[in-house]
Amino acid sequence: MSETIEIEFKNLLTKVEYEKLLKVFKVKDEQIISQINHYFDTPEFTLKELGSALRIREKDNQYEMTLKQPAAIGLLETTQTLSKDEFLAAIKNGILPKGIIHERLEHLNISFIDLEYFGSLTTKRAEFPYKEGLLVLDHSFYLNTEDYEVEYEVEDFQRGQLAFNELIEQNRIPSRITPNKIARFYQQKI
């Protein structure tokens with residue numbers, strides 16, 4: 001189990017802008033990894049209404065369940081590792097394991113029984129250190145849609161915002177309102 005505060009800046013990209021950034025940062029094919037996010041919420045989208053999200057990430061035959069909740073700055077991420085059997089029970093039968101996330105959801109008056117599996121989003125991701133943070137280039141596929149995005153994860157909000165704004169300005173990328181992946185997934189789902 002781990003808890004972290006996620007501070008990230010993001011911007012949707014066109015395919016041309018995405019490919020340009022891959023070249024600018026000399027990203028090789030072997031640096032691009034695949035991961036799948038599996039999303040859960042209540043039928044009424046209670047987590048979404050609370051500004052929260054629940055996902056299981058599948059990457060390199062490892063599985064992590066993460067609850068994201070609003071924090072004063074960024075998001076509070078609570079993560080617990082799952083076994084393959086726990087992952088399969090969640091995806092196939094809607095049975096989520098007990099643990100810290102279960103307890104957090106109970107505090108929000110959300111029962112595991114009420115949660116449903118809504119689907120998955122696959123991302124081809126390249127990530128690498130950039131200035132004082134982690135730069136991420138994503139190409140995502142979901143619900144007959146694909147999109148491109150740059151994310152910058154940092155610990156210091158102000159310095160991160162300056163570095164991110166410089167990056168997109170230097171590469172002549174327009175600043176775009178960019179909902180997070182789960183919000184984009186649900187926009188296509190609804």
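Here is a short chat about aromatic pairs in this predicted model.

Reader: How many aromatic pairs does the structure hold?
Author: There are 13 aromatic pairs in it.

Reader: What makes Phe25 and Tyr130 an edge-to-face pair?
Author: Their ring centres are 5.6 Å apart, and rings pair if their centres lie within 6.5 Å. The planes stand at 90 degrees, and over 60 counts as edge-to-face, so that's the label the pair gets.

Reader: Where in the chain do those two residues sit?
Author: Phe25 is in the loop between helix H1 (15-24) and strand E2 (33-41), while Tyr130 belongs to strand E6 (residues 116-130).

Reader: Why is Phe25 called partly exposed?
Author: Its relative accessibility is 23%. Buried means under 20% and exposed means over 50%, so a value in between counts as partly exposed.

Reader: And why does Tyr130 count as buried?
Author: Tyr130 comes in at 11% relative accessibility; the cut-off for buried is under 20%, so buried it is.

Reader: How do you know that Phe45 and Tyr186 are edge-to-face?
Author: The centres are 5.1 Å apart, with 75 degrees between the planes. The cut-offs are within 6.5 Å for a pair and over 60 for edge-to-face, so both conditions hold. Phe45 is in the loop between E2 and helix H2 (46-49), and Tyr186 is in helix H6 (residues 181-189), 141 residues apart. Both residues are buried.

Reader: What makes you say the charged end of Lys48 sits over the ring of Phe45?
Author: That charged end is 5.7 Å from the ring centre, and the distance limit is within 6 Å.

Key:
Residues numbered from 1 in each chain as written. Predicted model: local features only at pLDDT ≥ 70, side-chain atom pairs only at ≥ 80, totals over all residues. Heavy atoms only, no water. Phe/Tyr/Trp six-rings, centres within 6.5 Å; stacked < 30°, edge-to-face > 60°. Helix = DSSP H or I, 4+ residues; strand = E, 2+ residues; numbered from the N terminus. Buried < 20%, exposed > 50% of the residue type's maximum accessible area, 1.4 Å probe, protein only. Lys NZ or Arg CZ within 6 Å of the ring centre and 35° of its normal.
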